[in-house]
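Let's take a walk through this structure together, one site at a time. Have the sequence and the 3D view open side by side.

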Amino acid sequence: MNTLPVSAFSQEDEFVQVRGAREHNLKDVSLSIPRHALVVFTGISGSGKSSLAFGTLYAEAQRRYLESVSPYARRLFHQVGVPDVDAIDGLPPAVALQQQRGTPTARSSVGSVTTLSNLLRMLYSRAGDYPAGQEIVYADGFSPNTPEGACPECHGLGRIYTVTEASMVPDPSLTIRERAVAAWPTAWGGQNQRDILVTLGIDVDTPWRDLPQETRDWILFSEEQPVVPVYPGFTPEETQRALKRKLEPGYMGTFSSARRHVLHTFANSESASMKKRVQQYMISEVCPLCHGQRLRQEALNVKFTGLDITEFSRLPVSEAYERLLPYAEDRYPEHAERVKNAPSEAIALQRMAADLARRMGVLLKLGLGYLQLERSTPTLSPGELQRVRLATQLYSNLFGVVYVLDEPSAGLHPADTEALLEALNGLKRGGNSLFVVEHDLDVIRRADWLVDVGPAAGERGGRILYSGPPAGLQQVADSQTAQYLFHAVTPDRHEPRKPTGWLELSDVNLNNLHHLTVRFPLGVLTSVTGVSGSGKSTLVSQALVDALAAYFGHPVQPDEEEDDDAPRSRTLAKLGGDLGQLSRLIKVDQKPIGRTPRSNMATYTGLFDHVRKLFAATPLAKKRGYSAGRFSFNVNGGRCPHCQGEGWVMVELLFLPSVYAACPVCHGKRYNPETLEVDYHGQNIADVLAMTVDTAHEFFADEPTIGRALDTLREVGLGYLRLGQPATELSGGEAQRIKLATELQRSGRGGTVYVLDEPTNGLHPADITRLQRQLEKLVDAGNTVIAVEHKMQMVAASDWVIDIGPSAGEAGGKVVAQGTPTQVAADPASKTAPYLRAVLG
Ligand code: ADP
Ligand code: ADP
Ligand code: ZN
Ligand code: ZN
């Protein structure tokens, strides 16, 4: 390890000293890292950066904090595990701002995460304009999530959900037996309701429309829940005879009208797919009382700058800021009058407006001014959410803390990265330390101190190649980061390919795009660029994808978790051009490959099916009669009965978020002991799940089917992942690359359009080069690749660039420049051009 002595970091106590760190792949490393500095951890994916920054430093800070607040936590750490490190000295308390893994379950918005909504409610309550004679509304009364505030008609949802005969009985020519009441459950539940109606003497073999209206209304809308004897399998006549003779029934059944079933399931079911099913039998409309504003009329009467609080929360933050500024600076028209009539209220208004404007100013600086307070956090990209959280930290004025961040530049155009660095320096000047895992060369160059981990991924990484000021890394021969940082590896230069045709998307009207027309070349690799919030994702991941999906007549992967209460009514853009060349659309996005620790890379890619077959074919498995199913942790049989194959159990903590701990019975192995006795070449099924892709590749060398699957995973830079790594532990970028690898195995047909959203997230420049080759293979096989992209290395190597802008939100949404990378780099109107020129050289 090379360490340069530097006078600026001379005092011992200014350093965090780590001794003997062995978490995950770390090779018993020791190092000193300065405090009150911007420290950047670099290295290729899987080298061990996160294991050091999050797994060791942050985990240890967290452990000490929990121990200090909760004696119970001490016991818990025996189960959860402490970081594997001999000692860490000089470690301040830590706050982690991690890219979110999986999706948040809580429903939150930009306003609630930043606490700006609370402040805004106080402002409306204390200093809003009330109609003459109306009493003051307390701050809670401005929240649709409280009984005081919620509109009584729609309970704060802004929409009401109703059912009608037509919505629940789509085809009235069917009989009840033929499932006329489509809204009732399928399978047994529906049969049960039918049998109950038979007992009640209702004709289930007459077409629905010929039944008396009174009967139909009762079946659909009754609140009554009679409990009656049911004779399953009996004809109506047999049932009536059995009732007369008072025969013993099969069971007692409870009637539930179709409306009751639909509304109850929608309100109470835990299952997203059940909800989705019943939702199709409901009609939703804007609430007639609050017109979608979600609040009681008293609250909506209160105005500030002429807007009610809902309207104000729907402004872009940049515009809200502009409206607040005059009040923060006491230079609004009615100022003198207010001071005279209500002096204390005028002072309160000034203070609250100033506080709000100051906090909103931070969001503006981080390039987030285009967001609205009302914007729900699940619709934000992970990078945006991380910056929203960062903004919240920036104005909370903590001192002496270390902030541990995961690739904060993700999703940022190089022009926005400047502002991010400024914000990080603000935290540093405030007396804090910053530990940042990053791949972006601009951020790496601006670090006070670099910790480079490597040289390769997984077992072949985990060493500290360098720890010191950036300049010194140049001397480190085996650092891949040094290659890209100092030797300007030029992107694979090639003549841009000639498009085989064009796709024209016209009249796009969505978010900040208005009547936009864009042409996409076919048979080539296109990068869509632009500052964050300019409209790239709206154009590519939404408008283009929706239009193509409609053209191909299939929805893009059913997004069962797209949990919008109010389905967005999108008007489709028009699609034209050489559509005949296309046969299929594949959207490769960053959504998790699963929501529970049950799904993992091996199951998702189909690889695990082959592995289980190998185990079932071993002599011991055959002798015992174990089939491939025995080696699944998703069904009963071979799995650990205690954790039902999850390997983890949830531990509830008083006052603290609950945590997962290894299952005490199988110790995280997921299987029962008998299953684990079966081995393939000396390794049992749990051992295989614990292997990294790289290790498995050697282990399964004589199995070509498995080998091919593993090869593609390595090609997209995932050789370091463990086969059984739960879906919930994967980052968005990793999930996207797993999907890409799965697609690469299937490809070969040509005519497919692949749509990707920032595929380079989380990738070291060295990994980007490999990913690029994979995408080029797809193009060379006759497919079209369209990617939203910020990394100039990737943009420069594309065949075509479409630059959206010029700025964010309503100040963006236009095509600023388009052409080959060289053409766009020369365009004076494009904010991307200077950065592209720098890479093209
Ligand atoms: P980086 O942050 O540089 O991409 P990581 O620190 O995430 O790398 O991973 C380094 C190595 O540790 C990889 O081989 C990875 O598979 C392994 N690893 C990561 N998380 C875990 C875990 N929870 N358990 C076991 N191994 C892990
Ligand atoms: P980019 O991908 O270039 O960062 P986006 O397409 O995500 O930009 O956003 C463009 C504009 O549309 C922004 O003003 C953003 O706030 C808005 N927007 C994006 N998604 C939504 C949404 N789901 N609801 C409301 N506004 C949205
Ligand atoms: Zn309402
Ligand atoms: Zn278990």
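The shell around ligand 2 is made up of two nonpolar, ten polar and three charged residues. This is a predicted model, so please read every distance and angle below as a value computed from its atoms. In total, 15 residues surround ligand 2, and the closest are Gly-533, Gly-535, Lys-536, Ser-537 and Thr-538. A backbone N or O atom of Gly-533 sits 2.7 Å from an oxygen atom of ligand 2, and a polar backbone atom of Tyr-370 is 3.4 Å from an oxygen atom of the ligand. From the side chain of Ser-537, an N or O atom comes to 2.5 Å from an oxygen atom of ligand 2.

Now turn to ligand 1. Here 14 residues form the surroundings, with Gly-46, Lys-49, Ser-50, Ser-51 and Tyr-720 as the closest. Sorted by class, this shell holds two nonpolar, nine polar and three charged residues. The side chain of Ser-51 places an N or O atom 2.5 Å from an oxygen atom of ligand 1. Nitrogen atoms of the ligand take part too: one is 3.4 Å from an N or O atom in the side chain of His-24, and a polar side-chain atom of Arg-722 lies 3.3 Å from a nitrogen atom of ligand 1. The protein covers 78% of the 560 Å² of accessible area that ligand 1 has on its own.

Next come the metal sites. Which residues hold the zinc ion that is ligand 3 as its protein donors? They are Cys-151, Cys-154, Cys-287 and Cys-290, each through its SG atom and lying 2.3 Å from the zinc. The angles among these four donor atoms run from 105 to 115°, and the site is tetrahedral. Along the chain, the donors follow the spacing C-x2-C-x132-C-x2-C. Cys-154 and Cys-290 are a pair that links distant parts of the chain, 136 residues apart. Cys-154 belongs to the loop between helix H4 (116–127) and strand E6 (159–162), while Cys-290 is in the loop between strand E9 (283–286) and helix H11 (297–300). Cys-154 counts as buried because its relative accessible area is 2%, and Cys-290 is buried as well, at 3%.

The other zinc ion, ligand 4, has Cys-640, Cys-643, Cys-663 and Cys-666 as its protein donors, again through SG atoms, at 2.3 to 2.4 Å. Why is this arrangement called tetrahedral? The four donor atoms subtend angles of 104 to 115° around the zinc ion, and therefore the arrangement is tetrahedral. For comparison, the ideal angle for four tetrahedral donors is 109.5 degrees. The donor spacing for ligand 4 reads C-x2-C-x19-C-x2-C. Cys-640 is buried at a relative accessible area of 1%, and Cys-643 is buried at 6%.

Let's move on to Asn-783, found in the loop between helix H29 (765–780) and strand E22 (784–788). Is Asn-783 buried or exposed? With a relative accessible area of 1%, Asn-783 is buried. A polar atom of its side chain lies 3.3 Å from the backbone nitrogen of Gly-751, and the backbone nitrogen of Thr-752 is 3.1 Å from a polar atom of the Asn-783 side chain.

A cis peptide bond joins Gly-454 and Pro-455, with omega about 5°; Pro-455 lies in the loop between strand E12 (449–454) and strand E13 (463–468). Another cis peptide bond runs from Gly-805 to Pro-806, with omega near 5°, and Pro-806 is in the loop between strand E23 (800–805) and strand E24 (814–819). Asp-330 is not a glycine, yet has a positive phi of about 50°. Asp-330 sits in the loop between helix H13 (317–328) and helix H14 (335–341), and is partly exposed at 34% relative accessibility. Glu-758 also has a positive phi, near 45°, but counts as buried at 11% relative accessibility.

Definitions and conventions: Residues numbered from 1 in each chain as written. Chains lettered and ligands numbered in written order. Predicted model: local features only at pLDDT ≥ 70, side-chain atom pairs only at ≥ 80, totals over all residues. Heavy atoms only, no water. Donors = N, O, S within 2.8 Å, 3.2 Å for Na, K, Ca; no water. Tetrahedral: all angles 85-135°; square planar, octahedral: opposite > 155°, others 65-115°. Helix = DSSP H or I, 4+ residues; strand = E, 2+ residues; numbered from the N terminus. Buried < 20%, exposed > 50% of the residue type's maximum accessible area, 1.4 Å probe, protein only. Near = heavy atom within 4 Å. Polar contact = N/O pair within 3.5 Å; in protein donor to acceptor, adjacent residues only side chain to side chain. Areas by Shrake-Rupley, 256 points an atom, 1.4 Å probe, with all protein chains shown as cover. Nonpolar A, V, L, I, M, F, W, Y, C, P; charged D, E, K, R; others polar.
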